[in-house]
Structures are given as structure tokens and as C-alpha cells.
Amino acid sequence: MIETPFTRLVGCQLPLQLAGMGSILSPELAAAVSDAGGLGQITIARWPVEEAERRLDRLRALTSRPFGVNLLIPYLDREVLGLAATRARVIDFFWGQPDPDLVAQVHQGGALASWQVGSAAEAVAAEDAGCDFIIAQGNEAGGHIRGTLGLLPLLSAVLDAVSIPVLGAGGIGSARSVAAVLATGAAGVRVGTRFIAASESNAHPDYVRALIAANAEDSVRTSRFEVECGLCPSTHGVLRSAIIAADCFEGDVVAEVEIAGERHDVHRFQGMLPIKAASGNIAAMACYAGQSVGSVKRVQPAAEIVAELFDGAEALLERWGPAGRVATIA
């Protein structure tokens, strides 16, 4: 058990937040991460209030531990925000200037507010807006990337700029990377790519197999997957193979996906994640992946991934001595 300001604030056992990953995040995955000691999350974006309520009820039925709800500013629904803030421990915002009014609404609902940022200036704005903690996202991340710096220089700047707890995100997928981020004085880590291959994930099996086959160098930064994307223009971390497959595809519609009982076309270079309900050329969809993808070796239960990351990190921090244990007493 590694105690940090984040774990004390949120009430979880391990300084881990599951990254926001759209429909890849099933309630089952979020609950498994929470039950394993971290902060599991679901993303709610473009869902009607009734579906958001159903997912929240499902998650609350699966775990009694703290969990979060990830909300994307371009798709923000104030009614969904109000509902989520009364049920989740954390409301996690991404992709927009930190907004004091949104943070106030979260606090009025009884939840904590976090904001994922890509610069020290944005981190200061999040603290000034009243956020309870911040996630500093390095450009090693998968999916949509807010800033331009790698995680270590970004963390160095953010940790010096704010006084609230800071988590590191981007390229974290091994025990050694978890330990290294904690040793900087960060209060925790935010991990995404490793959990796409969790047995509870909603990722399409072909997507998972592509992640398992990839190395760190196969995660590239691009802006190609921007069709019908509310978070674009932006840089995003994606498998090189997905760009090649989409470039080679002849036609416009690469796949179909079922959402809320309806079939939808997935266009070439559309920012749609390959979920289990997709069919077609899965390899040409937006196979987002961070540079931690080289640590994805097999499908594992989420609890096993959490244990692997933190048992190993704790052993490394102990081996490194007092300098490595700074995170446990900060």
C-alpha cells in the first residue's frame, strides 16, 4: 500500500487513476480498478441522461469503493454533470480551459474535481479554478494529447507551480515507470493503455491483439484521426499500423459500430475507438495507444495489472531508499 496526498484525498488505497478512454471503459473495468485499490473511472460523452444514469447505477452496484466520472468539455452536458457529481467521488475534466463554475457545480454535488492539463499555465488555472487535484499529461500519452512536453519536463514545471496534488500521465505502463513518477514527488499516476487489454475492457479483440503485438516505437503522434472529432484539431497517440491501414483502405466507411441499439458508420480517419460492438476493418479505426504499449503483453484481469504495477513499484521504491520513498510520506 502506497499512501500519498492523492490516496488520502480520494480515499483509495493506491495512487492510481484509470485514464478516461471513452467507450473502452466499461463499468466492469472501472469497478475492478476501484476494487483493486485505485480510482476506476467511466467516461460519459454524448450519452443521454438516462444512459448516463444507467451506467452510474451499474457501476455503483459493482463496487462500494470510490470511482470517478471523466467528462470531456466539448461534449459536456450540465444535467449529466449534476447527476454524476452526486454519485461519483471525483469528476474528472479534460479538454478545455479550467472553469470555476464547473468546479463549483462539482463541489455542490459533493464530489472532488480534477482537471487533466498539458502545461504549467493550465495547471495554475486549474488550481485557481478550485480543482482538488491535477493530472499532468505528457505527450507520451495515447488518445488526445493536450500539450507538447514529455511527462518529466511537464511534471517538473507543474509540481513547482501548484500546491495541490499532481498525478502524472503519459507512457506509464510498467512498475518501473510508476515508481519513477512517484519518485519525482507526484502524488500518483494515471494509466490508460495497459487497461485496454484488461479482461473487463470494452475494446475489440483485434484492437487488443494489435496492442499486444506493438512496441513502444509503434505509438506515434499524429493529427490524422480528426474526422467528426470534437477534440480536434489535436495531436493524438495512435498505433502506426492504424495510420497505414487507413491510408491503404479504399473507400470512406471502414467499419460499423452499434451504439444504443443503432448502427453507425465509421468513416476513414474518424476518431472512433474500436469497441467490441464494432465490425469491419478494425485495424483502420482509431487504435489509440500511448508509448507504454510495449508493456502490454497479454490480456489480464484489471486487478492483476494493478498488482503488477504497484507491487513492483513498491519494491523499487524500497530498493531506492529514502529518495524513492518520498511519495509515500509526502
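**Stop one: a helix with two sides**

Select H12 and look at the face turned away from its buried side: that's where you'll find the exposed residues Asp311 and Arg319. One thing to keep in mind as you click around is that this is a predicted model.

Now colour the buried residues of H12: Ala302, Ile305, Val306, Leu309, Phe310, Ala313, Leu316 and Leu317. Why do they sit on the same side of H12? Because they cover an arc of only 125° around the axis. The general rule behind this kind of pattern is that an α-helix has 3.6 residues a turn, so residues three or four places apart point the same way.

What covers those buried residues? Show strand E1 (16-18), helix H2 (27-35), helix H8 (175-183), strand E9 (188-191) and helix H9 (193-196), which are among the elements that do. If you'd like to check the length of H12, its 19 residues reach 27 Å from the first C-alpha to the last, close to the 27 Å expected at 1.5 Å a residue. Just after H12, click Gly321, which takes a positive phi of about 85°.

Step back to Gln300, in the loop between strand E14 (278-280) and helix H12 (302-320). Is Gln300 buried or exposed? It counts as buried, because its relative accessibility is 2%. Show its side chain and you'll see a polar contact with the side chain of Glu304 at 2.8 Å, plus another of 3.2 Å with the side chain of Glu308. Leaving out residues up to four places away in sequence, Gln300 also touches others, including Arg194, Ala197 and Ile305.

**Stop three: the cores**

Next, select Ile44, Val69, Ile91, Phe195, Tyr207, Phe225 and Phe310, the residues with the most contacts inside the largest nonpolar core, which has 102 residues. The largest share of this core, eight residues, comes from H12. A second, separate core of eleven residues includes Leu39, Val90, Leu112 and Ile135.

**Last stop: paired strands**

Select E12 (residues 253-259) and E13 (residues 262-267), which run antiparallel and are joined by six bridges. They form a hairpin with two residues between them, and Ala260 in the turn has a positive phi of about 55°. E12 also runs antiparallel to E14, with three bridges joining them.

Finish by clicking Glu256: Asp265 in E13 stands opposite it, and in E14 its bridge partner is Ser279.

How values were computed:
Residues are numbered from 1 along each chain as its sequence is written. This is a predicted model: local features need pLDDT of at least 70, side-chain atom pairs count only at pLDDT 80 or more; totals for chains, interfaces and linings use all residues. Side-chain values use heavy atoms; hydrogens and water are left out. Helices (H or I, at least four residues) and strands (E, at least two) are DSSP runs, numbered from the N terminus. Buried means under 20% relative accessible area, exposed over 50%, partly exposed in between (1.4 Å probe, protein chains only). A polar contact is a pair of N or O atoms within 3.5 Å; within protein, one must be able to donate a hydrogen and the other to accept it, and residues adjacent in sequence count only if both atoms are side-chain atoms. Contact means heavy atoms within 4.5 Å. The expected span of a helix is 1.5 Å times one less than its number of residues. The arc is that of the directions from the helix axis to the C-beta atoms. A nonpolar core is a set of buried Ala, Val, Leu, Ile, Met, Phe, Trp, Tyr and Cys residues joined through side-chain atoms within 4.5 Å. Two strands pair if DSSP finds at least two bridges between them.
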